[in-house]
Amino acid sequence: MSIVTVQLGQCGNQIGFEVFNALFTDSQSSQGLCSKRENEAYQASCKERFFREEKGVPIARAVLVDMEPKVINHVLSKAAQSGQWKYSQHACFCQKQGSGNNWAYGYSVHGPKHEDSIMNLIQKEVEKCDSLNGFFIIMSIAGGTGSGLGAFLTQHLHDHYSNALKMNQIIWPYGTGEVIVQNYNSILTLSHLYRSSDALLIHENDTIHKICAKLMNIKQISFGDINQVLAHQLGSVFQPTYSVEGSFHYRRNPLGDLMENLVPHPEFKMLGVRNIPQMSENSLPYSTFTWAGLLKHLRQMLISNAKMEEGIDWQVRPPLPGLPPLGKMSQNREQHFNTSLANLVILRGKDVQNANLEGFKDPALYTSWLGPDEAFTVWKTQRAFSRYEKSAALVSNSQFFVKPLDTIVGKAWNMFASKEAWNYARVHGTPGPAPPQTPGGDSRVRPLLTTGLAAWGTVVRGRVSEVCAELSKQ
Amino acid sequence: MDGGAAAWTGAGPRTLPEAIATLSRSLPAGPSPEIFRRAKFDHPEAAPVLWRLLFRVLAPLRANCAAASLGRGAQARWVKVVLHYCGYPRPALAQLPEDGSQGSRELLLAFSWLLARVPLLEWLLSQTCVQLGDQVPTFECEALASPGLAAPQVDARRSVDLRRLQWLMGKLRFRWRSLICSQQEQCALLSKIHTYTHGCHSDQNLGHLSVTETEMLRDPEDSQQVRKGPEALRQMLGCPGSQALWLPADTLVQAEVPSLLALQLLRVLERENARLEAALEWRQCELIFWQWMDTVLGACPPEGPAVPTFLPRIPEHGCQELELVARELQALQEKLREQVLSRRQAWETQVGGLGHGPEWSAARQALQQTVEQELLALQRSWEQERGPSLTQGPHRLVKIKAGTAGAQGLPVAEVIRALRSQEASLEAMLCWLQGQCRQELARLAGAVPGLLWILPPGC
C-alpha cells in the first residue's frame with residue numbers, strides 16, 4: 001500500500017525532500033546488518049510505500065505545492081542531482097507570489113483559487129498507486145502558505161478521499177518566534193486540522209535545534225541540519241517493520257496500524273516522536289548500545305517528557321498506586337510525570353527479538369481508562385536503520401504538547417485581547433494600547449480567528465481538564 | 001438371517017457394503033461400512049463415530065474451525081438441537097446420553113432421516129466445492145438489515161468510561177477504513193490479472209483467466225519455487241509486500257504453510273472429483289441401502305404411537321408441506337366465500353332499496369379506483385424490493401465489454417444498484433437507531449440536574 005506525500009510551502013518542501021532522501025538512502029544502504037533476502041524485502045516494501053518507477057528511475061510519490069517557485073525548483077534539482085531518485089516534473093504546483101505569513105491568505109485566497117489544479121495533481125498521483133494507504137501532509141503550522149493552504153487542502157482531502165488516512169506532519173514554531181502572528185496562525189491551523197486530519201505528528205523546532213546542538217555537535221545550525229534530523233526521526237518511524245513478530249513479512253498498512261493503535265480517540269490526535277540513539281556520524285563508530293540501556297533511557301524520556309537523551313530527569317517516577325493523592329513529596333514529582341494515552345515503540349537492529357519492553361507495559365504509565373494491553377504497541381525489524389546497529393523510536397500520544405499548547409493559546413489570547421482593546425479604544429475615542437501588527441484587521445481573517453480560537457479553546461480546555469482529572473486521581 | 005443380512009452377503013453387482021462404501025466416500029470423513037453394520041445392532045462402539053459424522057454434516061462449514069474445538073457433549077447437544085429444529089420426529093434421540101457412549105442405532109436412523117429428508121449430499125458437495133473463478137462475495141449483512149436488534153444490555157452497576165468507548169469506536173472506524181482500502185487493492189489487482197490474461201480462456205464466455213487459473217498455468221509443477229499462497233497474487237504482478245490477501249477457495253487460504261499452490265490445488269480437485277464420482281455411484285445403488293434401512297427400523301423396539309413410517313423418497317425439499325398448505329388454503333377460501341355470500345345477502349336485505357342512486361355508484365367507483373391504484377403501487381414496490389436474485393450464492397467475477405452479445409449472468413450495474421438500495425436502508429436504520437440513542441441520552445442527561453452534554457467532535 002502506498003502513501004502519497006503532499007509537500008506544502010517552503011518548510012514542507014524542504015523537509016519532504018530530506019525525508020524522501022533519508023528513506024531512499026537508508027533502503028539502499030548496504031549496512032542493514034541482515035540477510036540479502038530480508039534486505040530486498042525491506043527495500044521493496046519501502047519502495048512500494050513511498051516511490052514508484054518511471055523508466056527504471058524511482059519517483060517519489062509526492063505532490064509539491066508552494067506559492068513561490070524558488071524552493072520547489074531547488075528541491076527538484078537536488079533530487080535529480082542525487083542520481084538515485086527524482087520528483088516527477090508534473091507533480092509540482094507553484095505560483096509567483098507567496099502568502100507573506102498571512103494564514104487567511106493561504107486559506108481563503110490561494111486555497112479556493114488553486115483548489116482544482118492542486119486536487120487534480122493529487123488525483124493523478126493517487127491513480128498511480130495500486131492501493132492508496134493515505135496521505136502524508138508536510139507543512140508548518142505557523143506560516144502562511146503551508147499552514148493556511150495546508151488546512152484548506154487537508155479539509156478537501158478529507159472530503160474527497162474519506163477512506164484514505166490523513167496524517168499531518170507539522171512543524172511547531174520556535175518559542176522565541178520568527179513571525180509575530182505565529183500564535184494566531186498555529187491556532188487557526190490546529191483548530192482546522194483537528195476536524196479534518198486523523199493524526200498530527202508534531203515536531204518542535206526548538207527540540208530539533210537542541211538535538212542538533214547537543215547530540216549532533218553542530219556549531220552553525222542551518223535549516224538543512226534541522227530538516228535532516230527531522231527526516232531521520234520520520235524515517236525511523238515509517239521505514240518498514242515486521243507485520244508479525246519473527247515473520248519477516250513487512251507491514252503493508254503502516255499508517256492504518258499506527259493510527260489504530262495511537263489515535264482512535266477523536267479528541268487526542270497529537271503525536272510526538274522521540275529517538276534514541278542520535279549522534280553525529282563521527283562518534284557513531286566509537287559507540288556500542290544494548291537494548292536494555294536504550295529502552296531504559298527511552299522510557300525515562302517518555303515519563304519525564306525529555307525531548308532528547310541528554311538532560312533526562314531521572315527523579316521522575318510513575319505514581320505508585322494506593323499512595324495518598326496529596327502527599328506533598330510525591331505531588332511535586334508527579335507534576336512532571338508525563339501520562340500517556342498510547343505509545344508505539346519501534347525497534348530496529350541486531351538481536352531485536354531479545355529486547356525487553358516490560359518497562360513500557362506498566363499500567364501506571366497510562367490513563368485509568370486504557371490499560372497497557374490496548375495502549376502499548378511495539379513494531380520491530382532486524383534490519384538496522386541508517387547506520388545505527390540498534391535504534392529505537394517512540395511515537396507517543398501523551399501530555400507532551402500540553403505545555404506548548406498552553407503557551408501558544410495564552411499568547412494568542414493576549415494578542416487577541418489587546419487587539420480588541422485597541423479596537424474598543426479607537427471606536428470610543430479613548431487612548432488605548434498601540435495596535436499590534438496582526439492581520440486581524442483583514443476582514444477575511446477575523447471570523448476565522450474568532451471561531452478558531454473558540455474551537456481550539458474548547459479542545460485545549462478539554463485536554464487540560466483531562467490532565468487535571470488524571471492527576472487528582474493519583 | 002434377515003433381508004438386510006442377505007443383502008450384506010448378497011451376490012449381484014451391488015452389495016450393501018459397496019453401497020455404503022460409496023456413500024462414505026461421498027461424505028466428508030464418512031465412516032466405514034462396518035460402523036453402519038454395528039449401528040444396526042446398536043453396538044455402543046459405533047456411537048462416537050456417528051455423533052461425529054452427524055456433527056460434521058450439520059455444522060455449517062464456516063463455523064467448523066470454531067466448532068471443532070467444542071467438547072463431545074457440546075457437539076452432541078448441537079446435533080440434537082439442530083435435528084429437533086429440522087423436525088426430526090423420534091423422541092428417543094433426545095434422550096440419548098451426550099457422552100457418546102450408546103445409541104448408535106438411533107444415530108444411524110437420524111442420519112438416514114436427514115439423508116432422505118434433505119438434499120444432504122448436494123449441500124455438502126456444494127459447500128466444499130473448489131472455486132476456480134474469482135468470486136464476488138454477495139450480501140453478507142442480511143442479518144444486520146433485519147429490524148429489532150437486541151437492546152444493549154447495560155449493567156448499571158459497572159460503569160463504562162465513555163472515553164474508552166470513544167477509543168474503541170475510533171479503532172473500529174480505522175479498521176473499517178483499512179478493510180475498504182484492502183478491498184480496493186484487491187479489486188485493482190484482480191482487474192490487472194483479468195486485463196493481462198484477456199483472450200486466454202478456452203471458454204469464450206469468460207474471455208480471461210481467474211487468479212487460480214493464472215497461477216496454475218504460470219506454475220503447473222515447478223517444484224523449485226516455494227511460495228506462500230496469499231502472496232501469490234501480488235507476486236504474480238511483481239508487487240512487493242506480503243500481507244494475506246483474499247483468494248477465492250477456502251483451501252487456498254489455508255496455503256499459509258509453504259506449499260506448492262498448483263499441486264495442492266490439483267490434489268484438492270482430485271479429491272473433489274472422487275467424491276463427485278462416489279455420489280453418482282451412490283445414486284444408482286441407494287435403493288439397496290434403503291431396503292436395508294427398513295430392516296434397521298424393523299429391529300427397533302416399538303416407540304409408542306408416533307412411529308413414523310420410513311419411506312425412501314426423492315428428496316424434494318418442502319414439496320409435501322406446500323401441498324398441505326395449499327389444501328388448507330383452499331379449505332379456508334371455501335369457508336370465506338360462504339361467509340361472504342351469507343353476509344352480503346344479509347346486508348343487501350338490510351339496506352334494501354337504498355344506495356342505488358348515481359352518487360352512490362360514483363363514490364363506489366372512485367373508491368374502487370383508488371384501491372386498485374394502491375394495489376398496483378404495492379405490487380410494484382414488492383417487485384422492486386425483490387430485485388434480482390442476488391442472494392443465490394456467490395458469483396464468478398468476469399470482465400467483459402458492456403453490450404457483448406450473449407452475455408449472461410448478473411451485470412455489475414445491477415449488483416451495485418442492489419447494494420446501493422441496501423446501503424440506503426441500512427443507513428436509514430442507523431439513523432433511526434442513532435436518533436433513539438440520542439433521545440435516550442437526552443432523557444438520561446435530563447434526569448441529572450446541572451449536567452451539560454457536549455457531543456464529541458466527529459459525532
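Strand E12 (390-398) of chain A has two faces, and both are buried. A:Lys390, A:Ala392, A:Leu394, A:Ser396 and A:Ser398 point one way, while A:Ser391, A:Ala393, A:Val395 and A:Asn397 point the other way. Nine of the nine residues of E12(A) are buried, so the strand is largely enclosed by the rest of the structure. Buried means that 20 or more other C-beta atoms lie within 10 Å of the residue's own; 12 or fewer means exposed, the range in between is partly exposed, and C-beta atoms are placed from the backbone. In a regular strand the side chains alternate between the two faces of the sheet.

This is a predicted model: local features need pLDDT of at least 70, side-chain atom pairs count only at pLDDT 80 or more, and totals for chains, interfaces and linings use all residues. Residues are numbered from 1 along each chain as its sequence is written, and chains are lettered from A and ligands numbered from 1 in the order in which they are written.

**Chain A overall**
- Chain A holds 14 helices and twelve strands. These are DSSP runs numbered from the N terminus: helices are H or I with at least four residues, strands are E with at least two.
- Of the 474 residues in chain A, 50% are buried.
- Among contacts in chain A between residues at least 6 apart in sequence, 78% join residues at least 24 apart. Two residues are in contact if their C-beta atoms, placed from the backbone, lie within 7 Å.

**The ten-stranded sheet**
- Ten strands of chain A form an open sheet with mixed pairing, in the order E5-E4-E1-E6-E7-E8-E9-E12-E10-E11. Two strands pair if DSSP finds at least two bridges between them.
- Strand E5 (92-94) and strand E11 (376-381) of chain A each have a single partner strand, so one side of each is left without a neighbour in the sheet.
- The twist averages 20° from one strand to the next. Angles run from 0 to 180 degrees between N-to-C directions, and axes are lines fitted to C-alpha atoms, for helices over the stretch in contact.
- E9(A) and E12(A) run antiparallel and are joined by five bridges. A:Asn275 has A:Ala393 as its bridge partner in E12(A).
- E10(A) and E12(A) also run antiparallel, with nine bridges. Here A:Asn343 is partnered by A:Ser396.
- Strand E6 (residues 132-140) and strand E7 (residues 165-172) of chain A are parallel, over seven bridges. A:Phe136 stands opposite A:Met167 in E7(A).

**Helices across the sheet**
- Helix H5 (residues 145-160) of chain A lies across E1, E4, E6 and E7 of chain A, at about 160° to E6(A).
- H8(A) lies across E7, E8, E9, E10 and E12 of chain A, at about 90° to E12(A).

**A hairpin in chain A**
- Strand E2 (residues 51-54) and strand E3 (residues 57-60) of chain A pair in the antiparallel sense over four bridges. A:Arg52 stands opposite A:Ile59 in E3(A).
- Two residues lie between E2(A) and E3(A) in this hairpin, and A:Lys55 in the turn has a positive phi of about 50°.

**Domains of chain A**
- The assignment gives domain 1 (2-272), domain 2 (284-402) and domain 3 (408-473). Bounds come from an automatic or database domain assignment.
- The centres of domain 1 and domain 2 of chain A, taken over C-alpha atoms, are 26 Å apart.
- In chain A, 33 residues of domain 1 are in contact with 30 residues of domain 2.
- The domain 1 side of that contact has 15 nonpolar, 13 polar and five charged residues. Nonpolar covers Ala, Val, Leu, Ile, Met, Phe, Trp, Tyr, Cys and Pro; charged covers Asp, Glu, Lys and Arg; the others, Gly among them, are polar.

**Chain A against chain B**
- 25 residues of chain B are in contact with 26 residues of chain A. The chain B side has ten nonpolar, eight polar and seven charged residues.
- The axes of H9(A) and helix H11 (residues 162-196) of chain B come within 9 Å and cross at roughly 170°. That makes H9(A) roughly antiparallel to H11(B). Angles under 35 degrees count as roughly parallel, over 145 as roughly antiparallel, 65 to 115 as roughly perpendicular and the rest as oblique.
- H9(A) contributes A:Gly256, A:Met259 and A:Glu260 to the contact. Residues from H11(B) include B:Phe174, B:Arg175 and B:Cys181.
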